[in-house]
Amino acid sequence: MQTNNGQPVFMSDSHIRSVVKGITWRITGTIDTICLALIVTGTFVNAVKIGFTEVFTKVILYYLHERIWNAVPYGRIHGVGPTHARSLVKGISWRALGTLDTIVISYFITGQWISAIKIGVFEIVTKIVLFYLHERVWGRVKWGRIIQKTQPVAVQTNNPEKRITDKKKETVIL
């Protein structure tokens, strides 16, 4: 990506941004999981157990997922945010990992594969939509972005006819 004046700009996310995104997503995801588990199992206690167990496993999984995606340049418009395609692909990759986690946890709590798979299947739809919306909102938040600009710098020498141009890297954390 380049700025309007042609200078390259590179953008990434800080670790604290990834942590805060993980927390906000986990709150959203936990509420959704509890609602789906309640609908499938009909048992509020099991629904809450499934939802709160996921808090621990998914915060770790989400953080790792964010750090991996931070290294992937696909669909990132530096200085602007993620493209719709990036948000969608990232959401699908997270959902595959998250659904597997939900099914395993649901089975351990209910002891029923059918209920566990139903919760996981319902979650595929609700979580992809919610994750996409979550990514679009966070794409507009500048806090925690690390923007690096590479700028040419003229270095003066004793010889006025010679100028050495070097690249200077400027990092800005928003």
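Predicted model: local features only at pLDDT ≥ 70, side-chain atom pairs only at ≥ 80, totals over all residues.

In what order do the elements of the chain run from the N terminus on?

Modeller: Residues are numbered from 1 along each chain as its sequence is written, and side-chain values use heavy atoms, with hydrogens and water left out.

From the N terminus on, the order is β-α-α-β-β-α-α-β-β. The chain therefore has four helices and five strands, where helices (H or I, at least four residues) and strands (E, at least two) are DSSP runs numbered from the N terminus. Of the 174 residues, 37% are buried, meaning under 20% relative accessible area, with exposed over 50% and partly exposed in between (1.4 Å probe, protein chains only).

Helix α4 contains 27 residues, and its first and last C-alpha atoms are 37 Å apart, close to the 39 Å expected at 1.5 Å a residue; the expected span is 1.5 Å times one less than the number of residues. At I124, α4 bends by about 35 degrees, the bend being the angle between axes fitted to the seven residues ending there and the seven starting there. Its buried residues are S115, A116, I119, G120, E123, K127, F131, H134, E135, W138 and G139. An α-helix has 3.6 residues a turn, so residues three or four places apart point the same way.

One partner of α4 is α3 (residues 84–110), and the two axes lie 7 Å apart at an angle of about 150 degrees. Axes are lines fitted to C-alpha atoms, for helices over the stretch in contact, and angles run from 0 to 180 degrees between N-to-C directions. The two helices are therefore roughly antiparallel (over 145 degrees; under 35 is roughly parallel, 65 to 115 roughly perpendicular and the rest oblique). Their crossing is right-handed, that is, the near helix is turned clockwise from the far one by less than a right angle, anticlockwise being left-handed. This contact holds 13 nonpolar, ten polar and six charged residues; Ala, Val, Leu, Ile, Met, Phe, Trp, Tyr, Cys and Pro count as nonpolar, Asp, Glu, Lys and Arg as charged, and the others, Gly among them, as polar.

The axis of α4 also comes within 9 Å of that of α1, at roughly 145 degrees, again in a right-handed crossing. Ten nonpolar, nine polar and seven charged residues form this contact. On the α4 side, H134 is buried, and its C-alpha atom is 8.5 Å from that of T24, although 110 residues separate them along the chain. T24 belongs to α1 and is partly exposed, with a relative accessible area of 28%.

Helix α1 (residues 15–41) in turn packs with α2 (residues 44–70), their axes coming within 8 Å and crossing at roughly 150 degrees, which makes α1 roughly antiparallel to α2. Just after α1, G42 takes a positive phi of about 75 degrees. Helix α2 also has 27 residues, reaching 37 Å between its end C-alpha atoms, and bends by about 35 degrees at T57. Among its buried residues are I50, G51, E54, K58 and W69.
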